[in-house]
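Subject: Structure for you to look at

Dear colleague,

I am passing on a structure that you have not worked with before, and I would be glad if you could look it over alongside the notes in this message. Please open it first and then read on.

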Amino acid sequence: EIMFFQDATFGGKTLKKGRYTIYITPKENEWDVSFSTDLDGWGHYAFDESKSGVAKVTVPVAKTASTVESVSILFEKSDDGAHMIIGWDDSMVRVPIVL
């Protein structure tokens, strides 16, 4: 889950400040990163994008310099907000956040 303390924009869609669940669908060359209002759950299997999905961003995959054992998330400041960097195994994506 992620908490925003101000409105943020992902892929042209505005998310109001608040708490969201992040769902990731990894593919070979890109990942779909979805934000949902369905809170306190566990696992992608219960996610129904048509019912609780509020934003979805598709981002290209890059290779990591070393293996990332567990899914890890960090944030990097950008000119218009930040990038949420998600890494796992030998892959990573940069999800732009506009504030």
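What follows is a short account of the sheet and of the salt bridges.

Please keep in mind throughout that this is a predicted model, and that the values below were computed from it.

Four strands form an open sheet in the order β1-β4-β5-β6, and their pairing is antiparallel. Strands β1 and β6 (53–60) stand at the edges, where each has a single partner strand, so one side of each is left without a neighbour in the sheet. On average, and with direction ignored, neighbouring strands of this sheet are turned by 30° against each other. In general, the strands of a sheet pair through backbone hydrogen bonds, and they do so either parallel or antiparallel. Here β1 and β4 run antiparallel and are joined by three bridges, and R19 in β4 is the bridge partner of M3.

E1 is exposed, with a relative accessible area of 51%, whereas R19 is partly exposed, at 33%.

R19 forms a salt bridge with D40 as well, and there the closest N and O atoms are 2.7 Å apart. This pair, too, links distant parts of the chain, since D40 sits in the loop between β5 (30–36) and α1 (49–52), 21 residues apart from R19 in strand β4. D40 is exposed, with a relative accessible area of 64%.

Elsewhere, E30 forms a salt bridge with K27, the closest N and O atoms being 3.9 Å apart, which falls inside the cut-off of 4 Å used for a salt bridge. Both residues are partly exposed, E30 with a relative accessible area of 35% and K27 with one of 38%. These two residues also belong to a network of salt bridges that links K27, E30, D32, E49 and K56.

Notes
Residues numbered from 1 in each chain as written. Predicted model: local features only at pLDDT ≥ 70, side-chain atom pairs only at ≥ 80, totals over all residues. Heavy atoms only, no water. Buried < 20%, exposed > 50% of the residue type's maximum accessible area, 1.4 Å probe, protein only. Salt bridge = Lys/Arg side-chain N within 4 Å of Asp/Glu carboxyl O. Helix = DSSP H or I, 4+ residues; strand = E, 2+ residues; numbered from the N terminus. Pairing = 2+ DSSP bridges. Axes fitted to C-alpha atoms, helices over the stretch in contact; angles between N-to-C directions.
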